[in-house]
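This report describes the fold of a single protein chain and then turns to selected parts of it. The sequence and the model are shown first.

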Amino acid sequence: TGMPITTVHNRIKKLESDGVIKGYTVLLNRKKLGKGLSAFINIAVNYALPDGTKVNQEELARKIFRMAEVEECCIMTGTTDILVKVSAADVEDLNNFIINKLRNMDGIADTITGIVLKDISD
């Protein structure tokens, strides 16, 4: 850049303190971690349970996000209420997550899963 390192350092620190730079992250190689299968799951929420309990979409999304398999979790507009990106070892692992964990949560009405064939952002 042609600038002294102290100038660059001070500019970065200012961007951090102003909240422009929110943080730093690590990009993991999921394949080397044994989680080479990625999928996106569209979730429809059942907002009223049979016992009359109301389901809060944001609270449900936060519970889903805390699950180990979940990388991203977004509240959406349109026909999908929550969109989740997950990593799994293989199709059997993904199936186990969807059937035994996700679909057993109160408030999950329906799921539609798309498996990633190739991630061009890697």
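Two residues are in contact when heavy atoms lie within 4.5 Å. On that basis, among contacts in the chain between residues at least 6 apart in sequence, 61% join residues at least 24 apart. The structure is a predicted model.

**Overall architecture**

The chain contains 3 helices and 4 strands, and their order along the sequence is α-β-α-β-β-α-β. The chain is more spread out than a compact globule, because its radius of gyration is 19 Å, well over the 14 Å that the globule rule gives for 122 residues. The C-alpha trace spans about 65 × 35 × 25 Å along its principal axes.

Of the 122 residues, 26% are buried. The chain carries 16 positive and 16 negative charges, whose mean positions are 7 Å apart.

**Helix H2 and its cover**

Helix H2 comprises residues 57-65, and its buried residues include Gln57, Leu60, Ala61 and Ile64. These residues lie on the same side of H2, because they cover an arc of only 100° around the axis. Among the elements that cover the buried residues of H2 are strand E1 (37-45), strand E2 (70-75), strand E3 (82-88) and strand E4 (108-115).

Which strand holds isoleucine 43? Isoleucine 43 belongs to strand E1, while isoleucine 115 is placed in strand E4. Their relative accessible areas are set out below.

| Residue | Relative accessible area | Class |
|---|---|---|
| Isoleucine 43 | 1% | buried |
| Isoleucine 115 | 40% | partly exposed |

Isoleucine 43 counts as buried because its relative accessibility of 1% is under the 20% cut-off. Leaving aside neighbours within four places in sequence, isoleucine 43 is in contact with Ile64, Thr80, Asp81, Ile82, Val84, Leu102, Ile108, Asp110 and Thr111. Between isoleucine 43 and lysine 118, which are 75 residues apart in sequence, the C-alpha to C-alpha distance is 22 Å.

Isoleucine 115 is partly exposed, since its value of 40% falls between the limits of 20% and 50%. With neighbours within four places in sequence again left aside, isoleucine 115 is in contact with Leu37, Ser38, Ala39, Val91 and Leu94. The C-alpha atoms of isoleucine 115 and leucine 94 are separated by 9.4 Å, and these residues are 21 residues apart along the chain.

Note on methods
Residues numbered from 1 in each chain as written. Predicted model: local features only at pLDDT ≥ 70, side-chain atom pairs only at ≥ 80, totals over all residues. Heavy atoms only, no water. Helix = DSSP H or I, 4+ residues; strand = E, 2+ residues; numbered from the N terminus. Rg over C-alpha atoms; globule rule 2.2 N^0.38 Å. Buried < 20%, exposed > 50% of the residue type's maximum accessible area, 1.4 Å probe, protein only. Lys, Arg positive; Asp, Glu negative; His and termini not counted. Charge placed at Lys NZ, Arg CZ, Asp CG, Glu CD. Arc of directions from axis to C-beta.
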